[in-house]
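Please look through the sequence and the model below before reading on. The briefing that follows takes up cavities, a helix, aromatic rings and a few single residues in turn.

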Amino acid sequence: DDREDIQKKLLEVLSFINKKYQSNLAAEFSISMGDSFQGLLKITAPFTQIILDIELELFPIELRFGIGIGEISTSIDLKNSQLNDGPAYHHAREAIERIERSEQQYATRKTNILLSQQNKTAVGELINVIFALNTAIKSKWSNRQKEIIKFYLNNNENQYDTAHALNIGQSSVSKALKSTNFYTYKSALEDIQAYINRGGNE
């Protein structure tokens, strides 16, 4: 409903991401049209952490993420991702369209993150299954639990520092992390990240 305010917030978050992950970006994140945004990452970039950061910074707004793996056909413009083009972008767009179609169907797997690449492989589909299961996990998180997770990540995953920052007890932080299945969620993302960073394409 508050599209103007949300767009301003999105601009702030993308600026934050561009600074935090500057060394991992081939082209900075920017708004591409209306409520869409895009960026170009190096193959070694911690993309799962970037996605989690964006989600937590913008909650409770729900987002879709299409991840395209592939080549870039044009010269790369660091400041304007919209000037770049190639299969990587086409795959990302395809992933977004698949998510949108699944939202319109009743008996289908629900996810807000999808990976697409040139060669459709069993491993690629398994990665998307993990993304779907993680979507189910985080759909149960309350805004307060998301806030605790955000502060936990921003405080180097230290429960005591997180508790101090939020002025709550360490036991409350521990309880929130366990009740949200956060460790399972994060471990799954780390496994996907490690596989992609190894150049996995089988």
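**Cavities, a helix and its surroundings**

The second largest cavity has a volume of about 40 Å³, where a cavity is a set of points on a 1 Å grid over the protein atoms alone at which a 1.4 Å probe fits but cannot get out, its lining residues having an atom within 4 Å of a point. Such a volume is the space filled by probe spheres set on the points, with grid points joined across faces, edges and corners. This is a predicted model, in which local features need pLDDT of at least 70 and side-chain atom pairs count only at pLDDT 80 or more, while totals for chains, interfaces and linings use all residues. Residues are numbered from 1 along each chain as its sequence is written, and side-chain values use heavy atoms, with hydrogens and water left out.

**The two cavities**

- The structure holds two cavities of 30 Å³ or more, and the largest cavity has a volume of about 50 Å³.
- The lining of the second largest cavity is made up of F16, K20, D53, L56, E57, K150, L153 and N154, with α1 (3–20), α2 and α5 each supplying at least two of its residues; helices (H or I, at least four residues) and strands (E, at least two) are DSSP runs, numbered from the N terminus.
- By class, that lining of the second largest cavity has three nonpolar, one polar and four charged residues, where Ala, Val, Leu, Ile, Met, Phe, Trp, Tyr, Cys and Pro count as nonpolar, Asp, Glu, Lys and Arg as charged, and the others, Gly among them, as polar.
- Around the largest cavity lie the lining residues R98, L115, S116, Q117, N119, K120, T121, G124, E125 and N128, and both β4 (113–117) and α4 supply at least two residues of this lining.
- In the largest cavity the lining residues divide into one nonpolar, six polar and three charged.

**Helix α5**

- The twelve residues of helix α5 (residues 143–154) should span 16 Å at 1.5 Å a residue, and this agrees with its end C-alpha atoms, which are 16 Å apart; the expected span is 1.5 Å times one less than the number of residues in the helix.
- In α5 the buried residues are Q145, K146, I148, I149, K150, Y152 and L153, where buried means under 20% relative accessible area, exposed over 50%, and partly exposed in between (1.4 Å probe, protein chains only).
- These buried residues of α5 pack against α2 (47–58), α4 (122–138), α6 (159–166), α7 (170–179) and α8 (182–197), with contact meaning heavy atoms within 4.5 Å.
- Just after α5, N156 takes a positive phi of about 55 degrees.

**Aromatic rings**

- The structure holds seven aromatic pairs, a pair being two rings of Phe, Tyr or Trp (its six-membered ring) with centres within 6.5 Å, and planes under 30 degrees apart counting as stacked, over 60 as edge-to-face and the rest as tilted.
- The rings of W141 and F182 form a tilted pair, because their centres are 6.3 Å apart and their planes stand at 55 degrees.
- This pair links distant parts of the chain, since W141 is in the loop between α4 and α5 and F182 is in helix α8, 41 residues apart, and both W141 and F182 are buried.
- The rings of F182 and Y185 have their centres 6.5 Å apart and their planes at 25 degrees, so that pair is stacked.
- F182 and Y185 are three residues apart in helix α8, and therefore separated by about one helical turn.
- F182 counts as buried because its relative accessibility is 0%, and Y185 counts as buried at 1%.
- One aromatic cluster is formed by W141, Y152, F182, Y183 and Y185.

- K138 is found in helix α4 and is buried, with a relative accessible area of 11%; leaving aside neighbours within four places in sequence, K138 is in contact with E55, N112, I113, K146 and Y185.
- K146 belongs to helix α5 and counts as buried at 19% relative accessibility; not counting residues up to four places away in sequence, K146 touches L56, F59, K138 and W141.
- N128 is found in helix α4 and counts as buried at 0% relative accessibility; apart from neighbours within four places in sequence, N128 is in contact with R98, R109, L114 and L115.

Key: On a 1 Å grid over the protein atoms alone, a cavity is a set of points where a 1.4 Å probe fits but cannot get out, and a pocket is an open set with protein on both sides within 12 Å along at least five of seven lines; lining residues have an atom within 4 Å of a point.
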